[in-house]
Amino acid sequence: MKIILLGDVHGNLPALEAVLEDGRRRGGDIVLNTGDYVGQGPFPDETVSLLSSVESVAVAGNFDRNVLRAKQGKTGEKAELHLWTRGRLSRENRKNLKNLPRTQRSLLAGKRFLLTPGAPEDTVQAAARKITHYGKYGYLGFANGVIQVKGNWDITRSPLVFDFGSGRK
């Protein structure tokens, strides 16, 4: 099984479409998504729809949660961006984001995974391997028999496709 690791899409639909196509071309079977479906990009609703339609294991990122909590009356650039993004999400896609867990444990290809949008648990931090990925980074760690995937898989670059059967990228 080949797994496509991605995250930090931030509403960038054209980049997401290109990354998913590239991941499939490389033989990716399933997406592990470390969150932040929405953000600064102009296509939040379309992005959530597409990500909700692919086979994936996913978590909500901090931006996703902030958008769902956005309220009128708050001031500042971030508050305005959260409200703008929330206003462009359909009711169905707000529900899709709301239903995403903050962390996710899964069994894929006989391997146990812990998926988080932020830093791995303290026990993993020391064991986690920082992976340079097209100028960005993410973490793959292994502790207590669990592969731990931490976000920052920048969607504007190609995905990291990892074959967990062979241990090769």
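The side chains of Arg-25 and Asp-22 meet in a salt bridge, 2.3 Å from N to O; a salt bridge here is a side-chain nitrogen of Lys or Arg within 4 Å of a carboxyl oxygen of Asp or Glu. Side chains of opposite charge can pair when their charged atoms come close. This is a predicted model, so local features need pLDDT of at least 70 and side-chain atom pairs count only at pLDDT 80 or more, while totals for chains, interfaces and linings use all residues. Residues are numbered from 1 along each chain as its sequence is written, and side-chain values use heavy atoms, leaving out hydrogens and water.

**The charged group**

- By this rule the count comes to 2 salt bridges.
- Arg-25 and Asp-22 both lie in helix H1, 3 residues apart, about one turn of the helix.
- Arg-25 is exposed, with a relative accessible area of 60%, whereas Asp-22 is buried at 11% (buried means under 20% relative accessible area, exposed over 50%, partly exposed in between, with a 1.4 Å probe and protein chains only).
- Asp-22 also meets the side chain of Arg-26 in a salt bridge, at 2.9 Å from N to O.
- Salt bridges that share partners join Asp-22, Arg-25 and Arg-26 into one network.
- Arg-26 counts as partly exposed, at 32% relative accessibility.

**Helix H1**

- Helix H1 covers residues 13-25; helices (H or I, at least four residues) and strands (E, at least two) are DSSP runs, numbered from the N terminus.
- At 1.5 Å a residue, the 13 residues of H1 should span 18 Å, and its end C-alpha atoms are 18 Å apart, which agrees; the expected span is 1.5 Å times one less than the number of residues.
- Asn-12 caps the N-terminal end of H1, with a side-chain oxygen 3.2 Å from the backbone nitrogen of Ala-15.
- The buried residues of H1 include Leu-13, Leu-16 and Val-19.
- After H1 comes Gly-27, whose phi is positive, near 95 degrees.

**Thr-47 in helix H2**

- Thr-47 lies in helix H2, residues 44-53, and is buried, with a relative accessible area of 0%.
- Its side chain reaches the backbone oxygen of Phe-43 at 2.7 Å.
- Leaving aside neighbours within four places in sequence, Thr-47 is in contact (heavy atoms within 4.5 Å) with residues including Asn-12, Leu-13 and Leu-16.

**The whole protein**

- The protein has 6 helices and 9 strands.
- Buried residues make up 49% of its 169 residues.
- Among contacts between residues at least 6 apart in sequence, 70% join residues at least 24 apart.

Note on methods. A polar contact is a pair of N or O atoms within 3.5 Å; within protein, one must be able to donate a hydrogen and the other to accept it, and residues adjacent in sequence count only if both atoms are side-chain atoms.
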